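Take a moment to look over the structure below.

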Amino acid sequence: MEKFKMLVVDDEPDFLETIIKRLKARKIEVAGVDSGYKALEFLDKHDVDVIVLDVKMPGMDGIETLRAIKKKKARVEVIMLTGHASVESGIQGIQLGAFDYVMKPVALDELLEKVRQAYDRKMIQADKA
Amino acid sequence: MQNEDYLNRVFNIIQTRSKSFLDLGVIDEEGNHLAYVGPHYSILKKVNYKDEKWFQEVMVTGVYVSDVFLGFRKIPHFIIAVMVREKNQSWVLRATIDSDIIDNIVRAAWIGKKGDAMIINRENVLQTTPRFGGKVMEPPKAPDFAAATGTMVEAMDFRGETIIYATSIIKLKKWILVISEAPTEQLTPLLQARFLAALIGLGGVVLIIIGTYVTTRAMMKELQRMDRKQAASDEMAIQSSKMAALGKMAAGIAHEINNPLAVIGEKAGWMKDLLAMEDVAKSEHFQELLDAVHKIEFHVVRAKTVTHRLLGFARRMEPVEERVNINEILDESIDFLENDARYRNIDIQTNYAPDLPLTTTDQAQLQQVFLNIITNAIDAIDKDGEIVINTRSIKQNNRISIEISDTGPGIPKEALPKIFDPFFTTKEVGKGTGLGLSIAYSIIEKLGGRIMVASEEVIGTTFTIYLPPK
């Protein structure tokens with residue numbers, strides 16, 4: 001069982017559902033929501049270490065959500081998930097405090113590796129604080 | 001008048017006016033000299049002119065002018081005699097005149113270098129010394145004009161030369177003035193003027209023609225040059241906008257495909273996860289299922305490579321700026337590909353400018369460009385060949401040029417305009433994405449450079465990249 005708590009935000013239900021199932025099968029404490037609002041709501045009620053956030057979503061998009069998350073809980077690490085030509089938004093995300101960005105489709109193990117790195121950084125910064 | 005002293009005074013007065021008067025004499029009806037003034041006093045004083053032809057003539061007509069003769073004096077002269085009737089007596093006043101005076105007058109008509117003028121009498125005997133045609137008192141070396149009846153001008157052939165002759169009758173004595181001129185000579189100023197006018201005219205025409213030709217040519221050249229430039233810049237603009245449009249489209253397609261690909265990938269991953277559970281592993285078709293899932297994952301990755309390259313092509317990211325040495329980047333690129341090249345017996349030769357200036361550009365992107373072009377060169381040669389890579393610093397327009405030449409089969413002419421288009425490939429299906437060169441093109445454009453291709457079938461292909469040193 002991994003130590004970190006994960007949240008996946010993606011508007012594509014098939015993707016969200018499957019990745020959650022697979023992460024849970026790996027004994028990871030993970031939740032999934034399909035919009036930025038729901039992610040913020042979720043943050044209010046739950047403790048989260050790493051968020052995997054889709055950039056392109058209807059309504060509140062990934063960048064907006066990222067800003068709101070960083071405002072709310074600066075310590076939470078965010079990995080941007082981009083599906084289209086929004087490398088800029090990935091980079092913009094990093095400038096706004098995201099840990100990294102990953103292009104879809106991504107192998108789950110690869111993504112998990114990034115999540116672990118992000119969690120490590122969170123821990124190091126928590127120690128410093 | 002019979003008084004010689006008086007005659008002497010008259011003679012002196014005349015002589016002060018004109019030295020041509022050689023002597024004066026007064027002769028009576030009988031032909032005897034009554035008075036004489038002149039140098040030949042002793043001889044002439046005693047001469048009786050009664051039987052002389054001229055004396056008889058003057059007595060009849062009153063005035064006589066002789067032809068030129070040498071006479072006693074042995075110099076050419078002529079005489080003028082006038083009879084004066086006084087009471088019942090007739091006198092004749094006779095003056096001898098040196099014919100030099102006429103010679104001088106006639107000489108004035110010697111025109112140019114070949115012109116001549118002379119006076120002849122009715123016997124075609126020269127009365128003056130011509131310039132070329134003989135001596136006084138002899139027939140002239142000219143056609144016989146003794147029978148001339150008036151003024152005439154005629155071109156005549158004389159001794160193989162065409163000469164223009166003009167004649168005029170001198171009325172008093174019926175002498176004939178003959179003036180000759182070589183037409184080439186006399187008419188020379190006229191001809192020269194005409195020739196000059198013609199020359200100027202012709203020159204003008206030639207000048208106009210040459211001028212027109214030169215201007216037209218220059219204008220045509222300029223027009224052609226501008227046309228070519230226009231065409232080139234049109235082509236570049238078209239290429240540029242084509243790339244932009246295709247970039248957008250590619251990005252859209254990549255996005256639309258990436259999301260379902262992500263779902264497929266996750267589903268396949270989930271199936272693999274499930275297959276890893278013990279109970280499923282006992283299934284009869286477990287291996288088949290596992291293979292199928294692996295294949296799905298493999299092809300998701302393959303599709304992903306395409307979409308990610310598409311995104312890379314469409315990327316409008318600002319290039320990272322680094323100070324780079326292009327020769328080093330080329331060496332690194334060659335390192336990547338050297339094994340493949342050696343395996344295919346392709347020799348990669350480099351000829352770098354040692355003084356190549358550093359440039360500020362995106363190393364990774366530039367390397368991508370070099371890799372794409374060199375890979376293409378290797379693929380084009382296939383086996384046994386040579387790739388030559390040159391770098392140069394072009395001082396004139398302050399550019400760095402990188403030339404990559406291969407000894408491959410060359411690019412067919414009809415394919416040449418398309419090679420930078422995305423998805424254009426000559427490679428087998430599945431081997432090339434058709435994106436390599438279009439990515440190279442857009443990267444070089446983004447870096448402020450230019451990429452050009454020259455290719456000749458059978459001989460090979462050369463890609464030339466121009467980059468600004470910064």
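Which residues in α10(B) meet which residues in α11(B)? Keep in mind that this is a predicted model. From α10(B) come B:Gln365, B:Gln368, B:Val369, B:Asn372, B:Ile373, B:Thr375 and B:Asn376. They meet B:Gly436, B:Leu437, B:Ile439, B:Ala440, B:Ile443 and B:Ile444 of α11(B). By class, this contact has seven nonpolar residues, six polar ones and no charged ones.

How do the helices lie? Two packed helices are described by the angle between their axes and the distance between the axes. Here, α10 covers residues 363-381 of chain B, and α11 covers residues 436-446 of chain B. Their axes come within 9 Å and cross at roughly 145 degrees. The crossing of α10(B) past α11(B) is left-handed.

Now step out to the nonpolar core. The largest one has 39 residues. The residues with the most contacts inside this core are B:Ile373, B:Ala377, B:Ile404, B:Ala440 and B:Ile444. Two or more core residues come from each of several elements of chain B, including α6 (188-275), α9 (326-343), β14 (399-406) and α11. The largest share, nine residues, belongs to α10(B). Domain 3 (190-314) and domain 4 (322-467) of chain B each give this core at least three residues.

Next, pick out B:Ile404. Leave aside its neighbours within four places in sequence. B:Ile404 is then in contact with B:Ile373, B:Ile374, B:Ala377, B:Ile387, B:Ile389, B:Thr462 and B:Phe463.

Note on methods. Residues are numbered from 1 along each chain as its sequence is written. Chains are lettered from A and ligands numbered from 1 in the order in which they are written. This is a predicted model: local features need pLDDT of at least 70, side-chain atom pairs count only at pLDDT 80 or more; totals for chains, interfaces and linings use all residues. Axes are lines fitted to C-alpha atoms, for helices over the stretch in contact, and angles run from 0 to 180 degrees between N-to-C directions. Helices (H or I, at least four residues) and strands (E, at least two) are DSSP runs, numbered from the N terminus. A crossing is left-handed if the near helix is turned anticlockwise from the far one by less than a right angle, and right-handed if clockwise. Two residues are in contact if their C-beta atoms, placed from the backbone, lie within 7 Å. Ala, Val, Leu, Ile, Met, Phe, Trp, Tyr, Cys and Pro count as nonpolar, Asp, Glu, Lys and Arg as charged, and the others, Gly among them, as polar. A nonpolar core is a set of buried Ala, Val, Leu, Ile, Met, Phe, Trp, Tyr and Cys residues joined through C-beta atoms within 7 Å. A residue is buried if 20 or more other C-beta atoms lie within 10 Å of its own, exposed if 12 or fewer, and partly exposed in between; C-beta atoms are placed from the backbone. Domain bounds come from an automatic or database domain assignment.
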